[in-house]
Amino acid sequence: MSNKTLFQGVTIAQQELINYWKRLRDRSGCVPRDAIDPGALRSMLASISIVQFDESGDGRFRIAGSRLRDIFGMEARGRRIAEVVGAHGEAISLGLSVALERRGPVGGVIEQEDGMHAWLRLPLADSNGQLTMVLCHDEMLPSRRMLFPKDGQKSAVHNSSPRAAA
């Protein structure tokens, strides 16, 4: 794990999830999937998904919270990333590979017609210690006021491109 500053989140839920993830890191800086306690994330479970990648790089939702149906317009669990469609479907792929490459949190916000889509991606290791999974947190916010930019920094809101990552 590098000493670079990690993404800290732009919502309270993101910050809490990142802090939880940081506490679970092992000596190599990885968080094993088995270390995640769903009970510790009870208040966030509806907005959480886990995407697992196979050897070919194809990502599939292993877990998908109930609020993701509202965001993506379909049940995502068991589906490949490429199958998720709808107004917010593209957003799920944001940061997945970057989180695995950086071995750390990646996130941001996409301003959309119906609100703000705050997204977070956290890498997870499989039972073999390989980074093959990403813990995702996606939530729709009704307004920009629900975000809190860090002092002296620009807001993390990206309204020019849905592909921007923080």
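Which residues are buried in α1? In this predicted model, they are Ala-13, Gln-14, Leu-17, Ile-18, Tyr-20 and Trp-21; buried means under 20% relative accessible area, exposed over 50% and partly exposed in between, with a 1.4 Å probe and protein chains only.

## Basis of the model

Residues are numbered from 1 along each chain as its sequence is written.

## Helix α1

Helices (H or I, at least four residues) and strands (E, at least two) are DSSP runs, numbered from the N terminus. Seen down the axis of α1, its buried residues fall within an arc of 160 degrees, so they line one face of the helix; the arc is that of the directions from the helix axis to the C-beta atoms. On the other side of α1, Ile-12 and Arg-23 are exposed.

## Strands β3 and β4

Six of the seven residues of β3 are buried, so this strand is largely enclosed by the rest of the structure. β3 and β4 form a hairpin with two residues between them. The two strands run antiparallel and are joined by seven bridges (strands pair if DSSP finds at least two bridges between them).

## Nonpolar core

The largest nonpolar core has 22 residues, and Leu-17, Leu-122, Leu-124 and Leu-135 have the most contacts inside it. Such a core is a set of buried Ala, Val, Leu, Ile, Met, Phe, Trp, Tyr and Cys residues joined through side-chain atoms within 4.5 Å. β4 gives the most to this core, with five residues.

Key: Predicted model: local features only at pLDDT ≥ 70, side-chain atom pairs only at ≥ 80, totals over all residues. Heavy atoms only, no water.
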